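Thanks for coming. Please have the sequence and the model open while I talk.

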Amino acid sequence: MGTEETKLAVVAIVVEREESVCELNELLHGCSNYIIGRMGIPHRERGVSLISVAMDAPADVISALSGKLGRIRGVSAKVAYSRLPNG
């Protein structure tokens with residue numbers, strides 16, 4: 001991760017279209033060196049998946065990922081940042 005200041009954050013993702021999962025996974029794979037962990041929960045009755053992604057990354061990387069995720073049809077994403085000092 002180098003010496004750049006990083007932030008701890010959780011990206012909350014709601015996937016409402018199964019067809020969007022491939023594009024979503026490609027974006028997450030592109031940030032894999034910043035991802036600490038990932039948890040996905042399918043809600044089969046509603047046909048929706050809820051995903052949380054824990055990251056330790058520069059703020060611009062987190063923000064860019066969230067924006068790209070939000071542009072995928074059927075995907076919503078929001079970020080919660082830790083208030084801990086930057087790493």
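At 36% relative accessibility, Leu8 counts as partly exposed. The cut-offs are these: buried is under 20% relative accessible area, exposed is over 50%, and partly exposed lies in between, with a 1.4 Å probe and protein chains only. Before going on, two notes on the source. This is a predicted model, where local features need pLDDT of at least 70, side-chain atom pairs count only at pLDDT 80 or more, and totals for chains, interfaces and linings use all residues. Residues are numbered from 1 along each chain as its sequence is written, and side-chain values use heavy atoms, with hydrogens and water left out.

Back to Leu8. Leu8 sits in strand β1, residues 7–15. Helices (H or I, at least four residues) and strands (E, at least two) are DSSP runs, numbered from the N terminus. Together with Ile36 and Leu84, Leu8 makes a nonpolar surface patch of about 290 Å². Patch residues have over 30% relative accessible area and no salt bridge; like charges are joined within 9 Å, and nonpolar side chains (Val, Leu, Ile, Met, Phe, Trp, Tyr) within 5 Å. Areas come from the Shrake-Rupley method with a 1.4 Å probe, and for residues only the protein chains shown count as cover.

Now the strand pairing. β1 pairs with strand β3, residues 48–57, in the antiparallel sense over nine bridges. Pairing needs at least two DSSP bridges between the strands. Opposite Ile13 stands Ile51 in β3. Strand β2, residues 35–43, also pairs with β3, antiparallel, over eight bridges. There, Met39 has Ser52 in β3 as its bridge partner. The hairpin of β2 and β3 has four residues between the strands, and Gly47 takes a positive phi near 70° in it.

Next, the inside. Which residues of the largest nonpolar core touch the most other members? They are Val11, Ile13, Leu24, Val53, Met55, Leu69 and Val75, out of 19 residues. At least two residues of this core come from each of β1, α1 (21–30), β3, α2 and β4 (75–81). A core here is a set of buried Ala, Val, Leu, Ile, Met, Phe, Trp, Tyr and Cys residues joined through side-chain atoms within 4.5 Å.

Take Met55. Leaving aside neighbours within four places in sequence, its contacts include Leu8, Val11, Tyr34, Ile36 and Leu65. Contact means heavy atoms within 4.5 Å.

Two serines next. Is Ser20 buried or exposed? Ser20 is buried, because its relative accessibility is 4%. Ser20 is found in the loop between β1 and α1. Not counting residues up to four places away in sequence, Ser20 touches Ile72, Arg73 and Val75. Ser66 lies in helix α2, residues 59–70. At 15%, Ser66 counts as buried too. Beyond its neighbours within four places in sequence, Ser66 is in contact with Ala77 and Val79.

Then the helices. Asn25, in helix α1, is partly exposed at 30% relative accessibility. Asn25 and Lys68 are 43 residues apart in sequence, and 12 Å apart in space, C-alpha to C-alpha.

Last, charges. How many salt bridges does a search of the whole structure find? One. The side chains of Glu19 and Arg17 meet in it, at 3.6 Å, N to O. The criterion is a side-chain nitrogen of Lys or Arg within 4 Å of a carboxyl oxygen of Asp or Glu. Glu19 counts as exposed, at 58%. Arg17 is partly exposed, at 26%.
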